[in-house]
Amino acid sequence: MTERNVLAPTPSTATPARPTRRVHYAWVVAGVSLLVLLGSAGFRSTPSLMMDALHNEFGWSLGTISSATSVNLTLYGLTAPFAAALMDRFGVRLVVVCALLTISVGSGLTMLMREPWQLVLCWGVLVGLGSGSMAGAFATTITGRWFRARQGLVTGVLTAAGAAGNLVFLPVGAWLVEHHGWRSAVVVVSLAASAVAVPVLLLMRERPADIGLLPYGATEAPPAPAADGRALARTLRVLRDAARTRAFWLLAGSFAICGATTAGLVGTHFIPAAHDHGMPVTTAASLLAMIGLFDVVGTIASGWFTDRVDSRLLLVVYYGLRGISLLLLPQLLAGSLQPPILAFVIFYGLDWVATVPPTVALCRRHFGEDAPIVFGWVLASHQIGAAVVAGLAGFARDALGDYDATWYGAGALCAIAVGLCLALRGTGRKDRVLPALS
């Protein structure tokens with residue numbers, strides 16, 4: 001027997017090779033998506049930092065400056081459903097890269113503005129269109145394509161990226177505005193938006209099948225996507241069909257209130273409202289960033305609960321507790337950090353966008369494969385609600401001298417949202433179509 005035969009293992013004694021466990025590429029795509037949403041949220045938070053600086057330099061009223069934010073929020077919402085259809089038509093990577101470059105151009109041009117309409121054009125229109133293309137419909141598209149298991153959790157994580165973006169940009173942006181002027185902050189936004197486009201180009205993939213994989217947690221291949229080159233027509237058709245259902249209007253109405261009480265009011269006006277009470281802008285910005293910190297925890301937890309608890313009940317609890325906290329806020333604001341305002345920040349952060357995972361889950365339950373586009377329209381209502389309140393709160397502050405009335409009004413809106421969520425009871429695929437109007 002030769003040495004080679006002695007050393008060679010026989011089939012009965014050979015040790016079988018262990019399969020190599022590799023990270024599913026869905027997690028890579030989710031990581032890139034997380035980076036995109038982190039940046040998008042940070043870009044949107046910048047106008048609230050510049051309100052006092054723009055007022056001091058140009059003499060524009062807070063109502064005038066808020067109008068640019070209103071346009072931004074409106075376009076952010078209205079772009080989302082079309083972006084979801086465009087991603088189906090042209091691909092996620094192309095749409096997201098174009099969106100990031102639009103944000104970069106819009107924020108960069110802000111440095112040259114001299115008139116209010118230029119603020120509306122740059123930060124309202126261009127940044128609004130760009131950020132809207134990376135709104136909630138983007139996260140819904142990614143989770144729907146790449147995940148079968150852990151959908152609620154991943155949706156929560158991606159949604160929480162919006163808050164985490166504020167953690168980075170708000171303190172840094174506030175420091176830049178205070179020490180180097182508001183123009184330095186918009187330069188950082190412009191450069192950051194361009195930088196985020198690089199990993200999207202290098203790492204983003206459209207669907208698991210493109211690289212020979214199944215969605216994470218799937219046991220069989222999903223049906224091939226229907227070829228439809230008419231993104232605009234499909235978006236409007238989905239809206240037409242969804243608008244015939246009671247579930248759509250209940251979800252859209254409650255989510256409009258969600259936007260009004262978060263991005264529209266607290267996200268836009270918390271810093272100037274705290275400044276009215278003598279709090280430094282940097283301190284107020286840090287508190288808003290803390291809301292983002294606890295929002296990360298709250299939204300991820302909400303995603304976990306969404307996989308296990310009735311989504312309607314979650315929304316009832318979220319809106320009810322949010323309304324109570326807003327009614328208490330006028331008594332909590334002060335010129336310095338006090339335990340009551342810190343308690344508000346922690347609680348409100350946990351509740352900030354915890355509504356998103358259960359709302360996405362309800363869209364999937366009622367609208368199936370059209371859920372990303374339907375959620376885009378529901379998100380549009382969220383942003384329209386935010387835009388209306390962002391503008392009204394600014395004008396109310398100019399007219400009344402404080403924000404107290406807006407906090408109380410927002411608390412009342414949350415009570416309405418609770419009623420809308422309770423009315424979702426009984427809606428489902430069998431009875432979702434509304435009677436035709438005569």
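Predicted model: local features only at pLDDT ≥ 70, side-chain atom pairs only at ≥ 80, totals over all residues.

Visitor: How many residues apart are E57 and R183?

Guide: E57 and R183 form a salt bridge in which the closest N and O atoms are 2.8 Å apart. E57 belongs to helix α2 and R183 to helix α8, so the pair links distant parts of the chain. The separation is 126 residues.

Visitor: Are E57 and R183 buried, exposed or partly exposed?

Guide: A residue is buried under 20% relative accessible area and exposed over 50%. E57 has 40%, and R183 has 28%. Because both values fall between these cut-offs, E57 and R183 are each classed as partly exposed.

Visitor: Which residue forms a salt bridge with E206?

Guide: E206 lies in the loop between α8 (182-203) and α9 (231-242). Beyond its neighbours within four places in sequence, E206 is in contact with G91, V92, R93, R145 and W146. Its side chain reaches the backbone nitrogen of R93 at 3.2 Å. The salt bridge, with closest N and O atoms 3.4 Å apart, is formed with R145.

Visitor: Where does R145 lie, and is R145 buried or exposed?

Guide: The salt bridge of R145 with E206 links distant parts of the chain, 61 residues apart. R145 is in helix α6 (residues 136-146). Because its relative accessibility of 8% is under the 20% cut-off, R145 counts as buried.

Visitor: What is the relative accessible area of R322, which forms a salt bridge with D351?

Guide: In this salt bridge the closest N and O atoms are 2.8 Å apart. R322 is in helix α13 (residues 311-328) and D351 in helix α14 (residues 339-351), 29 residues apart. D351 is buried, with a relative accessible area of 5%. R322 is also buried, and its relative accessible area is 0%.

Visitor: How many salt bridges does the count come to, and which residues are linked in a network?

Guide: A salt bridge requires a side-chain nitrogen of Lys or Arg within 4 Å of a carboxyl oxygen of Asp or Glu. By this rule the count comes to seven. The residues linked in a network of salt bridges are R237, R240 and D241.

Visitor: Which residues does P330 touch, not counting residues up to four places away in sequence?

Guide: P330 lies in the loop between α13 and α14, and P330 is buried, with a relative accessible area of 11%. Its C-alpha atom is separated by 9.6 Å from that of A273, 57 residues apart along the chain. The residues touched by P330 are D404, W407 and Y408.

Technical notes: Residues numbered from 1 in each chain as written. Heavy atoms only, no water. Helix = DSSP H or I, 4+ residues; strand = E, 2+ residues; numbered from the N terminus. Polar contact = N/O pair within 3.5 Å; in protein donor to acceptor, adjacent residues only side chain to side chain. Contact = heavy atoms within 4.5 Å. Buried < 20%, exposed > 50% of the residue type's maximum accessible area, 1.4 Å probe, protein only.
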